Amino acid sequence: MFKYGFIQYKSAPTLVSINYLVVGGGGGASQGGAGGGGAGGFLTGTTPIGIGAYTITVGAGGLGGNGSANTNGSNSIFNGLTAIGGGAGGYIGGAGGAAGGSGGGGGGYNTGANGPGAGTVGQGNAGGSGLAASGVTYYGGGGGGAGAVGGGAVAGGVTGGAGLSSSISGTATYYAGGGGSGYFVSSSYGINGGGVGGGGSGGPGVANTGGGGGAAAGNGGAGGSGIVIISYPTGSITATGGTITTSGGYTIHTFTTSGTWQRTA
């Protein structure tokens with residue numbers, strides 16, 4: 001007599017598409033006639049997600065400073081999606097200064113001899129070019145934003161490139177604006193506003209927007225920290241992590257610091 005056994009196969013958890021916004025930290029700016037910091041990379045869309053825990057990394061804004069002290073922003077990461085930190089603004093000084101850093105959005109620079117930083121395709125735009133009118137006059141280029149290239153320098157400086165708007169949080173908000181440039185004219189310093197989306201106005205980029213820092217008379221502004229937001233139709237899945245809100249039939253998880261998002265059902 002033969003007995004036939006039966007093997008029960010458990011089906012894999014169903015994948016469900018969720019909405020996401022991932023923005024990297026903005027780049028920091030330097031002093032005087034320096035370029036603005038580039039915006040953090042901007043990624044938004046939908047992605048299929050299964051049951052499990054997912055690490056969230058929220059990128060920090062780059063340091064502002066004087067000369068070479070400013071730095072690129074840090075990356076923000078969710079489920080294999082990486083929003084690149086913004087490039088640091090270029091600066092004057094030292095052995096001729098330095099070009100704008102490349103990143104999600106590129107940092108601007110003060111002269112055409114050392115160009116602006118490049119943006120990352122699909123995440124941001126290049127920084128603006130600079131202008132050296134004479135040995136004592138420098139005009140910085142704006143940092144690149146998610147929605148536009150940083151402005152090219154003119155007398156008086158320029159604003160950073162505009163960011164992009166998202167309503168994933170339930171409120172239309174601009175993210176990833178480039179930092180405003182500065183100018184230096186015979187020992188006088190000036191500043192210019194950041195791009196729409198938190199680019200800073202001669203100071204730091206707005207926190208949790210990924211805005212680039214603005215150049216300033218003293219130390220340039222730091223970049224704004226990044227953000228990760230996840231949303232899905234309320235009741236379609238069960239999940240924990242971040243600050244949880246609801247709006248318009250959607251459940252929203254907002255991460256302003258690194259943490260863990262977990263789909264439990």
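Colleague: Which residues have the most contacts inside the largest nonpolar core?

Modeller: A nonpolar core is a set of buried Ala, Val, Leu, Ile, Met, Phe, Trp, Tyr and Cys residues joined through side-chain atoms within 4.5 Å, where buried means under 20% relative accessible area, exposed over 50% and partly exposed in between (1.4 Å probe, protein chains only). The largest core here has 19 residues, and those with the most contacts inside it are Ile-18, Ile-56, Phe-78, Val-228, Ile-230 and Trp-261. Two or more of its residues come from each of strand 1 (16–23), strand 2 (42–49), strand 3 (52–57), strand 5 and strand 12 (227–233), and strand 1 gives the most, with 4 residues. Another core, of 11 residues, lies apart from it, and has Leu-21, Phe-42, Ile-168 and Ile-229 among its members. This is a predicted model, in which local features need pLDDT of at least 70, side-chain atom pairs count only at pLDDT 80 or more, and totals for chains, interfaces and linings use all residues. Residues are numbered from 1 along each chain as its sequence is written, and side-chain values use heavy atoms, with hydrogens and water left out.

Colleague: How many helices and how many strands are in the chain?

Modeller: Helices (H or I, at least four residues) and strands (E, at least two) are DSSP runs, numbered from the N terminus. This chain holds 0 helices and 16 strands, and of its 265 residues 51% count as buried.

Colleague: With which residues is Ile-230 in contact, leaving aside its neighbours within four places in sequence?

Modeller: Contact means heavy atoms within 4.5 Å. Once those neighbours are set aside, the contacts of Ile-230 are with Ile-18, Asn-19, Ile-56, Phe-78, Thr-251, Ile-252, His-253, Phe-255 and Trp-261. For the chain, residues 24 or more positions apart account for 52% of the contacts with a separation of 6 or more.

Colleague: In what sense do strand 1 and strand 2 pair?

Modeller: Strands of a sheet pair through backbone hydrogen bonds, either parallel or antiparallel, and two strands count as paired if DSSP finds at least two bridges between them. Strand 1 and strand 2 run antiparallel, over 8 bridges, with Ser-17 standing opposite Pro-48 of strand 2. Strand 1 is also joined to strand 12 by 5 bridges, again antiparallel, and there the bridge partner of Tyr-20 is Ile-230 in strand 12. Because 6 of its 8 residues are buried, strand 1 is largely enclosed by the rest of the structure.

Colleague: What is the order of the open sheet of 5 strands?

Modeller: The order is 5-4-3-16-13, and the pairing is antiparallel. Strand 5 (81–83) and strand 13 (239–240) stand at the edges, each having a single partner strand, so one side of each is left without a neighbour in the sheet. Strand 4 (residues 76–78) is joined to strand 5 by 3 bridges, and Phe-78 stands opposite Leu-81 in strand 5.

Colleague: How many aromatic pairs does the structure hold?

Modeller: A pair of aromatic rings is described by the distance of the centres and the angle of the planes. Rings of Phe, Tyr and Trp (its six-membered ring) pair if their centres lie within 6.5 Å, and planes under 30 degrees apart count as stacked, over 60 as edge-to-face and the rest as tilted. The structure holds 3 such pairs. Tyr-54 and Trp-261 form a tilted one, at 5.8 Å centre to centre and with 45° between the planes; Tyr-54 lies in strand 3 and Trp-261 in strand 16 (residues 259–263), so this pair ties together parts that are 207 residues apart in sequence. The rings of Phe-78 and Trp-261 have centres 6.2 Å apart and planes at 90°, so that pair is edge-to-face, and since Phe-78 lies in strand 4 and Trp-261 in strand 16, the parts so tied together are 183 residues apart in sequence. Tyr-54, Phe-78 and Trp-261 form one aromatic cluster.
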